[in-house]
Amino acid sequence: MADKLIAPPVGAALYGTNGHQIFDELKHNPKTKLIAVSQIDKNIIINSGFDISAIKFYDELDGIIHDGNVDFVSLCSPIRRKQATDAIKCLEYHKHVYAEKPCALTEKELDEILNAAVKSGALFHEMAGTTFAQPYLAMRDIAKSGILGDIMQVYAQKSYPYHNRRPQDEEEYIDGGLLRQAGVHAMRFIEHTAGVRIKDIYSIETKLGNPVHTGGMRTACSCMIKLENGGVANAVINYANPAGFGSWGNECLRIFGAKGFLESTDGGANTRLVIGEKDMGSIDISNKSLSYFDLFIDELTEKSQMPLSLDEELHPTRIVIRAKNKLI
């Protein structure tokens with residue numbers, strides 16, 4: 001939690017577009033004001049609906065962190081392997097940070113970010129809102145209710161399309177690579193939605209199907225997982241979602257409990273809950289999704305409680321880092 005409350009509007013700065021920069025979130029949150037930008041083309045800012053006359057454009061991150069009107073920085077760093085260093089630099093200058101995933105590529109970097117946040121008193125959060133969009137928010141509530149009984153097994157799938165902008169050299173860590181940048185969603189499904197913490201993980205990757213035959217991009221990954229409650233899980237992650245599927249992400253989450261079964265398939269389009277002998281059909285997802293960004297801003301301005309502790313928020317990131325280091 002931040003040491004001091006910030007009176008709205010909260011001064012926002014955007015750094016880079018390598019990921020999901022928060023243009024729409026800023027426009028829809030009246031407690032924020034875009035103050036500064038770096039490593040983003042002015043036309044992108046204009047086309048996103050912002051008045052550039054009130055925005056300072058800096059060549060580098062240093063300009064942002066020395067701007068006294070900036071309260072927090074949204075990091076989508078151009079090179080993901082540099083983002084941990086960028087986050088630490090912002091925190092050292094007492095700028096709160098909201099960072100694209102994965103926020104770090106090693107556990108050492110992750111711990112250094114957390115230590116920098118504690119030392120500075122500034123807030124750090126990853127863009128970890130996966131489970132707070134429907135239908136996963138409703139599934140989280142059902143899993144937490146205990147109606148499924150002990151969670152015995154979880155199946156999580158995250159499938160994205162391939163496109164020619166996918167970085168081919170994973171050693172450059174432009175986006176963190178398949179397992180870390182896409183796989184973290186699957187781990188959040190398991191931990192944040194199904195509500196079971198991962199104890200251990202083993203993974204295997206392939207480059208099969210990569211249209212750039214000399215490229216290093218991994219196209220698919222499978223993970224075998226032990227859960228802390230004694231259960232098991234597995235995750236499927238790939239760049240194999242064809243255009244004909246009809247949506248960007250082909251997500252699937254199946255939660256098997258001792259008393260019942262809950263699933264979301266077809267990118268969240270279909271759900272089903274079965275308890276004992278009773279098929280409950282589709283679940284109620286009429287409640288509005290929660291914006292993790294809005295919750296972050298509320299923490300800055302009202303000291304409201306985030307729905308996840310920082311350890312819970314970042315543990316899926318820690319897990320995919322470990323998975324990358326434990327390839328079979």
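So, to start: is Cys76 buried or exposed? Cys76 is buried, with a relative accessible area of 0%. Keep in mind that what we're looking at is a predicted model.

Let me stay with the cysteines for a moment. The structure holds zero disulfides. A disulfide would need the two sulfurs within 2.5 Å.

We have six strands in an open sheet, paired parallel, and the order reads β3-β2-β1-β4-β5-β6. At the edges you'll find β3, residues 56-58, and β6, residues 124-126, each pairing on one side only. From one strand to the next, the twist averages 25°. If you zoom in on β1, residues 10-15, four bridges join it to β4, residues 72-75, and the two run parallel. There, Ala12 stands opposite Phe72 in β4.

Together with Tyr98, Phe293 and Phe296, Phe72 forms one aromatic cluster. Searching the whole structure turns up nine aromatic pairs. One of them is Phe132 with Tyr292: the ring centres are 5.6 Å apart and the planes sit at 20°, so we call that pair stacked. What does the pair tie together? Phe132 is in the loop between β6 and α6, while Tyr292 is in helix α9, residues 292-302, so the contact links parts that are 160 residues apart in sequence. Both partners are buried: Phe132 has a relative accessible area of 1%, and Tyr292 has 3%.

There are also a couple of lysines over rings. Lys42 has its charged end over the ring of Phe57, 5.0 Å from the centre. Then Lys326 lies over the face of Tyr202, at 4.4 Å from the ring centre.

Last stop, helix α8, residues 183-193. How many of its residues are buried? That would be 11 of 11. Just after α8, Gly195 takes a positive phi of about 80°.

How values were computed. Residues are numbered from 1 along each chain as its sequence is written. This is a predicted model: local features need pLDDT of at least 70, side-chain atom pairs count only at pLDDT 80 or more; totals for chains, interfaces and linings use all residues. Side-chain values use heavy atoms; hydrogens and water are left out. Two strands pair if DSSP finds at least two bridges between them. Axes are lines fitted to C-alpha atoms, for helices over the stretch in contact, and angles run from 0 to 180 degrees between N-to-C directions. Buried means under 20% relative accessible area, exposed over 50%, partly exposed in between (1.4 Å probe, protein chains only). Rings of Phe, Tyr and Trp (its six-membered ring) pair if their centres lie within 6.5 Å; planes under 30 degrees apart count as stacked, over 60 as edge-to-face and the rest as tilted. A charge sits over a ring if NZ of Lys or CZ of Arg is within 6 Å of the ring centre and within 35 degrees of the ring normal.
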